[in-house]
Amino acid sequence: MQQAESRTGSIYDLGYRGYDGLRLGRRHAITSLYWYTLRSAFGIGRRTGSKIMPIAIVIIAFIPAVGQLAIAALVSNVEVYTPSNYFAYIEIPVALFCAAIAPEICGRDMRQRTLSLYFSRALHRRDYALAKLAAFATALTFLTLMPQVVLVIGNGLASKDLWGYIQDNWADLPRTIGSGLLMAAMAACVCLAIASQTPRRAYATIAVVAWFLITWPIAGILTTEIGGAGKLATFISPFEFMHGCTLWIFNGSPTVDSPLEVAGYPLWVYFITVLAYGAAGFAYVVRRFDRIAA
Amino acid sequence: MMIDSTIVRLTMRQLLGQKRTILMLAFALIPVLVALLYRLNGDHVRHDPQEWTATVALARLVVGLVLPFTALVFGTAALGTEFEDGTAVYLLSKPIPRSTIVLSKLLVAWGATVVVVLVSTFPTGFLALSGEPQDGIVVAFAIAAVFGALIYCAAFLWLSIATSRALIAGLLYVFIWEGVVVNLFKGVRLFSVRQYTLGIAGELMSVPKRVFDPRLQGPTAIVLACLVTGVAIWLAFRSLKRWEIGETS
Amino acid sequence: MTEPIAPPIATEPTAPAAIEFDHVSRWYGNIVAVNDISFSLNAGITGLLGPNGAGKSTMLHMLAGFLQPSSGNVRVLGQPAWGNPEMYRRVGLVPERESVYPFLTGYEFVLDSARLHHLANAEEATMKAIRMVELEDAMGRASGGYSKGMKQRIKIAAALVHEPDVLLLDEPFNGADPRQRLHLMDLLREMAANGRTIVFSSHILEEVERLAEDVLVIVSGRLAASGDFREIRKLMTDRPHTFVVRASDNRKLAADLVSDPSVYGVELQGNDLQVRTSEFAAFTRAVAGVARRADVSIFEIRPTDESLESVFSYLVKR
């Protein structure tokens, strides 16, 4: 007869159990939120409908740069767009992007009441605000600076000596980067401050559009047609003071008869204005999420 | 095709809720402030007051900014908020012809827009022109704005039924189509409600071209205005009749 | 396996059915939400039952005239449901979303509903409807401040104010506390007894079991079963029935029952005897005789899986 083997069997508990392993912690949460927001600003990882506006705006932003490349291919030594006046153009795509995307950055969380989910994790309220601001600012920086890269290449090719061109215009590089970052950061802070007022997408969009597009003609009229105290209107219109700041960074001067020129303020004032708006927006957003009911 | 007084009352209470009305009225007062500033220290050399009033204050600020924006807010909210909040089902499950619902809502949106725009037009016009010959400028713009409000509201009302992105579509239309594209291509003025309004205004006042020169002539503007209004209202009827409830949870 | 056939619901041959679905389908692109469903209903309460996503809301929306069927006809009181606002004179709808105009008081909400229906005596009808849902105390408050259950009740009042012949309710018991639920069930039963046709949807079996006289079971867009769920159960001949018996001598009864051809399994569980049979009718005829011959007294005998839950889970798994 065989020796009885000792065989064993086990039943495994597949029920709910706690987790004792490694937890990635607060910093990981912040960076995850940052990347997630950045990606969804451009519609990556979301449904096709959310990609339309960002892609359309990116295309609009790149048009002159691509046009410059085309010109470089055909005709040489023609510099249609310089970094400085490109920034004047890019204000419009930036405004469009803010109007389309700013309501989505925090609006979705506010609408769908997922804020409480975020705040009950390792993430603190401030971290949430900072991550969102940083992501939105990064998205806008992409919009302001990427076309500049293409532009440099385009202009360099137009001058037939790319490397030489870069060496010549080296000084422009920190100016370009500074301008792009400033514009993006300020727009991000203020537009998020506006958009975080209301969960309704429609109202947020209108408010952002109003800030960009309604102040513009009003500032124009007040400055050029009225003068006097009206000249202060250049400080309320983002298109004007952003342009003024860029001009100061690039040591340029405003076109004749433009509101900036008529207003006649020294251009460094606009640099301060940009900083002030950005700081105010930043402080507001942080405070808003410190206090929001979630 | 009638108006239902209950719907009118309901819509009035909805649209003229505190925040929205106050914001719109504040917005309407911006041109008035600008006119005030003009009176106080304006550059009277470059534009004489008539020209400034007509071309700058009334045409650009009131008709170009206050009118479309107000019509956008009221026109899209009249039915838009009902769809968003889910109360549209309450209205639509009653034995009321869809055309009646559209017309009642349009009436309120139009009325609200007209009030705001007139609050903007008259003080602005009279302030800017105080002491100068009137030549019917302000009244002409006021009447034209009333028509313009109807066209805009009808169009935006239709948009709010046809799509959930009516607001953004309307914004793009007003600022890009009517603001930028119309300056690029000559034919676009035939498709711009702003130009219809300005054309009607031009027809109603008798001033030299240097004072005010609309891109569209009066008769053309009137015909196109009626056409577009009619089409917009008809489209709104159609869209509401075919409206289907969206995917809810 | 025998295919369970839904027994036809008797309709009056002369008048059109109150509600009629005639080979109705509804698709969204590639997704078929409702797949060739036909049935007709008359006075009484019918429950629309199915898992989430089965198509219940779609069907109710089509009944309410808010969705156009992709194919087939939906008729309410003889008229097409789609594109027919006149139908609402005799149809009331209680939608799922708890949407009220927050600035209106409860009274005004129902009153406006009455006015929109062009009722001659709007105030009277309003008070009557509000009394039916027991909201007299709160009717003067702005409905924006109502609790979920109160919002539900005021919506029901607004839907009843014109005394419709057909009442459609989408998940009406969501958010209702037990007392409100009982009260609403009583209300609906009373209305059904007065000849109205009531259709409500739910995914909560107890509610449907308690309230509905007939059920329509929808699974993945198809009509899986319709009618009285007890009758449906009987038709499921490929599933054995289970009875629980309590007798004076369970074991002896068990031994004798096994020898009966209609029984194919017995099980002793505590104080009870579980009997499995494949022939419902034959067993019910046989069990008394078996007990008498065995000289055992039966204290209790009941079928155990006639609940809607077992019927439902069976239908869903098919």
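Helices and strands here are DSSP runs, numbered from the N terminus. I am working from a predicted model.

**Entry 1: helix H3 of chain C**

I started at the end of this helix. Just after H3(C), C:Glu134 takes a positive phi of about 60°. I then went back into the helix, residues 122-132. Which of its residues are buried? I found C:Ala122, C:Ala125, C:Thr126, C:Met127, C:Ala129 and C:Ile130. An α-helix has 3.6 residues a turn, so residues three or four places apart point the same way. I looked up the packing partners next. The buried residues of H3(C) pack against H2 and helix H4 (148-160) of chain C.

**Entry 2: chain C against chain B**

I turned to the interface. On the chain C side, 29 residues are in contact with 30 residues of chain B. The two chains bury about 2,700 Å² between them. Carbon and sulfur atoms carry 61% of that area. Which residues of chain C lose the most area to chain B? I noted C:Phe66, C:Tyr101 and C:Leu116, together 29% of what that side buries.

**Entry 3: polar and charged links**

I checked for salt bridges across this interface, and the rule finds 3. In one salt bridge, the side chains of C:Asp112 and B:Arg9 meet at 3.8 Å, N to O. I also looked up polar contacts between chains C and B: 11 residue pairs, both residues at pLDDT 80 or more.

**Entry 4: what chain C brings**

Strand E1 (19-28) and helix H2 (106-116) of chain C each give two or more residues to the side that touches chain B. H2(C) gives the most, with 6 residues. By class, I logged 15 nonpolar, 6 polar and 8 charged residues on that side of chain C.

Definitions and conventions
Residues numbered from 1 in each chain as written. Chains lettered and ligands numbered in written order. Predicted model: local features only at pLDDT ≥ 70, side-chain atom pairs only at ≥ 80, totals over all residues. Heavy atoms only, no water. Contact = heavy atoms within 4.5 Å. Buried area = accessible area lost by both parts, 1.4 Å probe. Salt bridge = Lys/Arg side-chain N within 4 Å of Asp/Glu carboxyl O. Polar contact = N/O pair within 3.5 Å; in protein donor to acceptor, adjacent residues only side chain to side chain. Helix = DSSP H or I, 4+ residues; strand = E, 2+ residues; numbered from the N terminus. Nonpolar A, V, L, I, M, F, W, Y, C, P; charged D, E, K, R; others polar. Buried < 20%, exposed > 50% of the residue type's maximum accessible area, 1.4 Å probe, protein only.
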